[in-house]
Every structure is written in C-alpha cells, then in structure tokens.
Amino acid sequence: MLRYLHLGHRPLLNCSWSRPCLQKQYLFTMKLQSPEFQSLFTEGLKSLTELFVKENHELRIAGGEVRDLLNGVKPQDVYFATTATPAQMKEMFWSAGIHMINNKGEKHGIMARLHEENFEISTLLIDVLIDGRHAEFTTDWQKDTKRRDLTVNSMFLGFDDTLFDYFIGYEDLKNKKVQFVGHAEQRTQEDYPRILRYFRFYGSIVEKPGDHDPETLEAIAENAKGLAGISGERIWVELKKILVGNHVNHLILLIYDLDVAPYIGLPANASLGKFNKVSKNVEGFSPKPMTLLASLFKVRDDVTKLDLRLKISKEDKNLGLFIVKNRKDLIKATDSSEPLKLYQDFLIASRESDVTTCVCELLKYQGEHCLLKEMQQWSVPPFPVSGHDIRKTGISSRKEIGALLQQLQEQWKKSGYQMEKDELLSYIKKN
C-alpha cells in the first residue's frame with residue numbers, strides 16, 4: 001500500500017485538515033520512492049522529462065495514476081500535466097524531431113511518441129465560466145487542481161519523487177475516503193457524470209460502506225436530473241465499473257434512494273431484493289456487469305429500454321435478454337444424479353455462438369458455484385453422425401435423413417452424449 005514515503009508539508013495558510021479548508025490553499029508534499037514509480041522511467045519518459053527541463057516547462061504525472069502509485073499499483077497508462085501550452089509543445093517537439101500523433105495539436109494537449117511509446121500531455125487549465133465548460137490555460141498547479149473531481153484524483157507527482165497535494169487527497173486516500181474537491185454541488189454541475197464517478201471510486205477505495213458526506217449526497221440528489229442530457233455511452237462506461245466494484249449493493253440502493261436511477265436507464269420498478277441476493281451470489285466470481293444488472297429487470301422489455309438509453313453492446317444486450325428469459329426455467333435438476341444435464345442439453349441444442357458464456361453467467365447469477373466449475377471444465381461434444389453417414393445406409397430422402405438425425409440426437413442425449421457413431425447407426429437398422 002503506502003510504502004517508501006518521506007513526509008513533509010508546506011502550509012500556505014495555518015488551517016487544519018477540514019472540509020471548509022479545502023477552499024483555501026494548502027500544499028502538502030512528500031517524497032514517493034517506490035518500485036512502481038521507478039518502473040515508469042523508460043527511455044521514452046527519460047527523454048521526455050529531459051526535454052521539458054531543457055525548455056523550462058514543468059511536467060508532472062497527474063490524477064488517477066498518482067493515486068494508483070500511492071496504493072502500490074503500477075498504472076496501465078500514465079497521463080501528464082504541464083505548464084506548457086499546446087502551441088509551445090508543438091514547437092518544442094518539432095524542433096526536437098519528435099513525432100506527434102495529433103500533429104495539428106489538440107485544444108488542451110498533445111500526444112507525442114518517443115522510443116515507441118505514446119505520451120499524452122495536457123496543459124494546466126483554469127475555469128473562467130461558472131459551468132466549468134470554458135477553460136483557459138494557466139501555469140498555476142493549484143488552480144488547475146480546483147477543476148478536478150475528487151480529492152484522491154487531484155494530486156500531482158513530480159519526477160524528483162515529490163508528491164504535490166493541494167486538497168488532502170493523500171489524507172483521504174490513507175483514510176479511505178472519497179470526497180469532491182471543493183463544493184460537491186459545483187463539481188457535479190461542471191460535469192454530471194462525476195456523480196457516477198463518485199459511486200465508482202467509492203466502490204474501489206472505501207473499506208466499509210455507509211459513510212458519506214451529507215453535502216455530497218444532497219448535491220447528487222439535486223443534480224441527478226443533469227444526467228438525462230449525458231450520452232448513454234458515457235453513462236454505461238461508468239455504470240459497468242460500479243457494477244464490478246465493491247459495495248455494489250449499497251451503491252445501487254443509494255442510486256435509487258437519491259433518484260439517480262431514472263436518468264441512467266434503470267427500471268423504476270426494479271427488483272432491489274433480487275439484486276441484493278444476486279450480488280451475494282456472484283461475489284468473488286468475476287461476473288460480467290450485465291449479469292448483476294439483469295437482476296433489476298422483471299421482464300425482457302426492461303433490457304430493451306436500457307439498450308435504448310445506454311446504447312449497450314450487442315453482447316451485453318443478448319446476455320441480459322438470456323438471463324431474464326431463462327433464469328426461472330434453466331435451473332439445476334434437484335431430482336437427478338446429473339444436476340448439470342439441463343444446462344448441457346441446452347448448450348447442445350443451441351446454435352448461438354456465445355451461449356456457453358451466457359450459461360456460465362447464469363450459473364453465477366443463480367449462485368451455482370459447483371456447477372459453474374463443472375461447466376467451465378466441460379466442452380460441448382460434437383455429434384458423431386452426419387447426413388452423409390445416413391446416406392451410406394441406403395436412405396436418400398432429405399426429409400427422412402433430417403428426421404433420423406433428430407431421432408439419433410435424442411438417443412445420443414439420453415446416453416449422456418456417450419454413444420458413438422456405430423452405435424447410433426445400428427439404432428437405424430434396428431428401427
């Protein structure tokens with residue numbers, strides 16, 4: 001977790017760590033020396049940092065990647081912030097012969113490629129309008145931090161190992177708390193998906209559910225309707241991450257209690273009791289987001305309505321429809337020595353390419369963990385007889401061949417898929 005840290009702080013105002021003081025300027029710094037941080041120093045990154053130092057522009061790692069490093073996790077992608085404007089970066093990279101993927105420049109940043117690596121670098125920004133949508137460049141790190149969503153995502157990390165924290169992000173991370181930078185109402189109004197990001201990071205950071213800042217919950221409830229104007233694709237990206245995170249039952253209940261649900265495509269008459277049961281069934285079995293979400297739906301039309309709002313993938317939609325349709329009938333046989341047989345018969349009879357995945361997700365949904373393990377180790381056996389094999393017995397009518405194939409498949413199924421070709425063909429001769 002938090003390792004190899006050398007702490008220090010530089011107060012610019014004499015105030016304690018309290019919510020009101022988040023509006024005041026307070027810079028906390030410390031040294032981060034960890035193997036995860038040192039592993040980032042590839043040849044490409046070394047060349048990049050040297051260039052920025054040479055041109056007298058500051059460059060730091062920004063946001064969630066800093067949070068990951070503090071948690072002892074090497075981030076998959078690293079994003080950078082700088083005091084250099086996009087125009088200054090373009091000139092700097094051109095002069096150094098560095099390839100830019102977006103060589104015409106972006107509104108707020110540049111993507112550069114060094115030593116076969118891509119580096120996304122954004123210029124520091126400051127809001128000049130209340131809605132947060134219009135921004136101008138700045139060289140003030142603390143002002144840029146005020147624009148960010150959560151305290152744990154608002155830190156910067158310099159390449160001399162120095163952590164820069166203006167809004168107690170390190171303290172909140174250490175105490176496993178999730179809070180907005182500044183006022184929750186202002187942050188959510190600037191970008192309404194931050195409501196969902198709050199839930200998502202709550203699920204990944206907080207140890208025990210239930211501790212929320214009242215101001216935050218009030219801001220979410222008052223601004224939830226703003227999500228109605230957000231694209232379904234953006235909402236689905238966040239919702240999927242909430243569903244596979246921790247405390248999902250608590251968070252979904254909160255989404256309904258705060259009246260967020262109707263604005264993100266969730267059904268008004270959701271089966272919250274069923275969701276609670278299924279969330280326990282799937283715990284520890286890496287369910288797909290739709291596997292858990294399907295428990296909220298009472299009828300297949302609920303899946304269709306969700307798709308209309310969120311524009312989910314065909315795979316997600318098909319899985320949701322499959323679970324809602326089959327969850328009551330496709331179940332373990334309690335009066336048989338072969339409890340998996342009903343699922344196996346279903347797979348054999350189905351012609352859908354993704355049906356095995358759907359059946360496994362249904363078993364997670366139902367909490368049938370032992371059967372899930374068996375199913376994951378079982379492969380659909382190929383039916384050993386073809387129409388050509390039947391023709392060899394002297395039967396040439398297509399209609400008769402089709403009928404015989406169906407009869408043989410039934411015999412094969414009754415044998416537990418053990419009968420071989422010769423046994424099945426002998427059945428034709430006997431009958």
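The questions below move from the whole chain to single residues.

User: What is the mean pLDDT of the protein?
Analyst: This is a predicted model, in which local features need pLDDT of at least 70 and side-chain atom pairs count only at pLDDT 80 or more, while totals for chains, interfaces and linings use all residues. Residues are numbered from 1 along each chain as its sequence is written, and side-chain values use heavy atoms, with hydrogens and water left out. The pLDDT is the predictor's confidence in each residue, from 0 to 100. In the protein, 91% of the residues reach 70 or more, and the mean pLDDT is 89.

User: What radius of gyration does the protein have?
Analyst: The radius is taken over C-alpha atoms, and the globule rule is 2.2 Å times the number of residues to the power 0.38. For a compact globule of 431 residues the value would be near 22 Å. The C-alpha trace spans about 95 × 50 × 40 Å along its principal axes. The protein has a radius of gyration of 29 Å.

User: What percentage of the 431 residues is buried?
Analyst: Buried means under 20% relative accessible area, exposed over 50%, and partly exposed in between (1.4 Å probe, protein chains only). Among contacts with a separation of 6 or more, 63% join residues 24 or more positions apart. Buried residues make up 47%.

User: Which elements do the buried residues of α4 pack against?
Analyst: Helices (H or I, at least four residues) and strands (E, at least two) are DSSP runs numbered from the N terminus, and the protein has 21 helices and 11 strands. Helix α4 covers residues 86-96, and its buried residues are P86, M89, K90, M92 and F93. After α4 comes G97, with a positive phi near 70°. The buried residues of α4 pack against α2 (43-54), β4 (79-82), β5 (99-100), β6 (109-114), β7 (117-123) and β9 (135-137).

User: Which residues does Y79 touch, not counting those up to four places away in sequence?
Analyst: Y79 is found in strand β4. Its relative accessibility is 35%, so Y79 counts as partly exposed. The C-alpha atoms of Y79 and I121 are separated by 6.3 Å, although these residues are 42 apart along the chain. Y79 touches R60, I61, A62, E65 and E120.

User: Is D307 buried or exposed?
Analyst: D307 lies in helix α14, residues 300-310. Leaving out residues up to four places away in sequence, D307 touches I312 and K317. Its relative accessible area is 16%, and D307 is therefore buried.

User: What is the phi of I168?
Analyst: Most residues other than glycine have a negative phi. I168 sits in the loop between β11 (162-165) and α6 (169-174), and it counts as buried because its relative accessibility is 7%. The phi of I168 is positive, near 45°.

User: Where is K311 placed?
Analyst: K311 is not a glycine, yet it has a positive phi of about 55°. Its place is in the loop between α14 and α15 (314-326).

Notes: Contact means heavy atoms within 4.5 Å.
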